Amino acid sequence: MAKKRILSGMRPTGKLHLGHYVGALENWIKLQNEYNSFHLIADYHVLTTDLNTDEIYHNSIEMVIDWLASGLDPDKSPFFRQSQIKEHAELNLLFSMLITKARLERNPTLKEQIRDLNIDNIIFGHLGYPVLQSADILLYKGNAVPVGEDQVPHVEITREIARKFNNQYGEVFPEPEPLLTKFARLPGLDGDAKMSKSLNNTILLSDKPDIVQQKLRKAVTDPLKVRKNDPGRPEVCLVFTYHNRFNPGEVKEIEAGCRSGELGCVECKTKCTKMINEFLEPIIDRRMKLENDLSKVKDILVDGEKRAKDVAVSTMDDVHKAMKMG
Ligand code: TRP
């Protein structure tokens, strides 16, 4: 039986951080062997919140470098920019006829953004964000989409659009399932629930050891553990979450030491820094090689865009036939 298809995507906002790795990339890397994967660079989606396009190409290349350095294999799965495959725009238009404005206004992810970004007058394209995302997924007939919690409503909208199309014009699209990531969220260095570029609380995959050390030194810990020998509460400490993920071998000991007060925050952070740096070392090595061979990185995109285009054209043939608009 043919392998199932996955469509995974990220907005190109520049260099990636540990939250991207833990929340998405790690899963993509695992899944690339089990599924036929497509890795989309959502450069149109960036426009919903930032109209300045000066850095979009540069940011896309930085993201591709991080993908490659982390272990995504472009021979297995094409990497491509949404903007280079016009079929995304066409399918977006057709799908925009299959969903109501009221349904899009009920999208909880959109409501959150409107609140967080203080938007008082939403643009048409932003309201339609999940419609374009549905086109991204269904253009490749994705059966599954690896996402974090916040994107699940968009996959639900994708399923509704697929169902509506199939009922109206005949069976063309699968109804994709969300594949949730286990460690969906890594807390930020300031204690926020989420590591995020806009909150400036990240450790980048490209951060050198001394930068990681500086960043962790300033990281927030349990506010009740003031002195070294005060007992601490690992469950409220973001550094402990990092140990959990990057230092599984020592995590029991660290938890006990923190609770008893034997282990101070400085020493705990030193251990954490060491493990994160060990984790990042091979990624940084590979990144440096790629930075010195940018033409190779660009060729990977050109090649991926060709391969993705073939699939997109073939799906649009099916769409045109089903709609009798061939
Ligand atoms: N909305 C996704 C995000 O912000 C990015 C994205 C765009 C995407 N198109 C997609 C994710 C298609 C999965 C599938 O993270």
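Contact here means heavy atoms within 4.5 Å. This is a predicted model, in which local features need pLDDT of at least 70, side-chain atom pairs count only at pLDDT 80 or more, and totals for chains, interfaces and linings use all residues. Residues are numbered from 1 along each chain as its sequence is written, and side-chain values use heavy atoms, with hydrogens and water left out.

**Asn 166**

Asn 166 touches Glu 171, Val 172 and Phe 173, not counting residues up to four places away in sequence. Its place is in helix H9, residues 152-169. Helices (H or I, at least four residues) and strands (E, at least two) are DSSP runs, numbered from the N terminus. Asn 166 is buried. Buried means under 20% relative accessible area, exposed over 50%, and partly exposed in between, with a 1.4 Å probe and protein chains only. The side chain of Asn 166 also reaches the backbone nitrogen of Val 172.

**Gln 32**

Gln 32 sits in helix H1, residues 18-34. This residue is buried too, at a relative accessible area of 5%. Its side chain has a polar atom 3.4 Å from the backbone oxygen of Ile 29. The backbone oxygen of Gly 71 lies 3.0 Å from a polar atom of that side chain. Leaving aside neighbours within four places in sequence, Gln 32 is in contact with residues including Gly 71, Leu 72 and Asp 73.

The two residues are set out below.

| Residue | Helix | Relative accessible area |
|---|---|---|
| Asn 166 | H9 (residues 152-169) | 9% |
| Gln 32 | H1 (residues 18-34) | 5% |

**The whole chain**

The chain holds 14 helices and five strands. Buried residues make up 51% of its 326 residues. Along its principal axes the C-alpha trace spans about 75 × 45 × 45 Å.

Among contacts between residues at least 6 apart in sequence, 77% join residues at least 24 apart. The chain exposes about 16,400 Å², with carbon and sulfur atoms supplying 52% of it. Accessible areas come from the Shrake-Rupley method with a 1.4 Å probe.

Methods
Polar contact = N/O pair within 3.5 Å; in protein donor to acceptor, adjacent residues only side chain to side chain.
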